[in-house]
Amino acid sequence: MYVCSCFGITEDQVKQHADGGACTPRQIASACKAGTDCGGCVRRIQALLGRGDCSSRELVEGRTARAAAPAAPVTLGTAPGVRLSDAA
């Protein structure tokens, strides 16, 4: 079944791109242009992607691994020579 009539993109093609790592409508659009013309298919693409959430495979393999890495400590303050009135 066609998802994007403007570019002739099917559900299977959207699912293939999702399996390849695209997990948002914007990433699908970058991969195959679906959703970039009239925009009528964006909601259907969101539904196929689970409303833009990444697949559980990507969460396990990609995001979780990166999130588990300790973050660099954050130092609050100002850079030398910078006044608070300059930062705006």
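This is a predicted model: local features need pLDDT of at least 70, side-chain atom pairs count only at pLDDT 80 or more; totals for chains, interfaces and linings use all residues.
Leaving aside its neighbours within four places in sequence, which residues is Ala 22 in contact with? They are His 17, Gln 27, Ile 28 and Leu 49.

The protein has 88 residues, and 22% of them count as buried. Its secondary structure consists of 4 helices and 2 strands. Read from the N terminus, the order of these elements is β-β-α-α-α-α. The accessible surface amounts to about 6600 Å², and carbon and sulfur atoms hold 53% of that area.

Two packed helices are described by the angle between their axes and the distance between the axes. Helix α1 covers residues 11-19, and its axis comes within 10 Å of the axis of α2, with a crossing angle of roughly 105 degrees. Angles from 65 to 115 degrees count as roughly perpendicular, and α1 and α2 are therefore roughly perpendicular to each other. On the α1 side, the residues that meet α2 are Val 14, His 17 and Ala 18. Their partners in α2 are Ile 28, Ala 31 and Cys 32. Sorted by class, this contact has 5 nonpolar residues and 1 polar residue, with no charged ones.

In soluble globular proteins, nonpolar side chains tend to be buried together. The largest nonpolar core here has 11 residues in all: Val 3, Cys 4, Ile 9, Val 14, Ala 22, Ile 28, Cys 32, Ala 34, Cys 41, Ile 45 and Leu 49. Two elements give two or more residues to this core, namely β1 (2-4) and α2.

The loops come next. Cys 23 lies in the loop between α1 and α2. Is Cys 23 buried or exposed? Its relative accessibility is 4%, so Cys 23 counts as buried. Along the chain Cys 23 and Leu 49 are 26 residues apart, while their C-alpha atoms are separated by 6.4 Å.

The loop between α2 (25-32) and α3 (42-48) holds Lys 33. The phi angle of Lys 33 is near 75 degrees, which is a positive value in a residue other than glycine. Gly 39 lies in the loop between α2 and α3 as well. With a relative accessible area of 31%, Gly 39 is partly exposed. Gly 39 is 35 residues from Cys 4 in sequence, and the distance between them is 8.6 Å, C-alpha to C-alpha.

The last stop is helix α3, where Ala 47 is found. Ala 47 has a relative accessible area of 48% and is partly exposed; the limit for exposed is over 50%. Between Ala 47 and Pro 25 there are 9.7 Å from C-alpha to C-alpha, and the two are 22 residues apart along the chain.

Definitions and conventions
Residues are numbered from 1 along each chain as its sequence is written. Side-chain values use heavy atoms; hydrogens and water are left out. Buried means under 20% relative accessible area, exposed over 50%, partly exposed in between (1.4 Å probe, protein chains only). Accessible areas come from the Shrake-Rupley method with a 1.4 Å probe; for residues, only the protein chains shown count as cover. Axes are lines fitted to C-alpha atoms, for helices over the stretch in contact, and angles run from 0 to 180 degrees between N-to-C directions. Angles under 35 degrees count as roughly parallel, over 145 as roughly antiparallel, 65 to 115 as roughly perpendicular and the rest as oblique. Contact means heavy atoms within 4.5 Å. Ala, Val, Leu, Ile, Met, Phe, Trp, Tyr, Cys and Pro count as nonpolar, Asp, Glu, Lys and Arg as charged, and the others, Gly among them, as polar. A nonpolar core is a set of buried Ala, Val, Leu, Ile, Met, Phe, Trp, Tyr and Cys residues joined through side-chain atoms within 4.5 Å.
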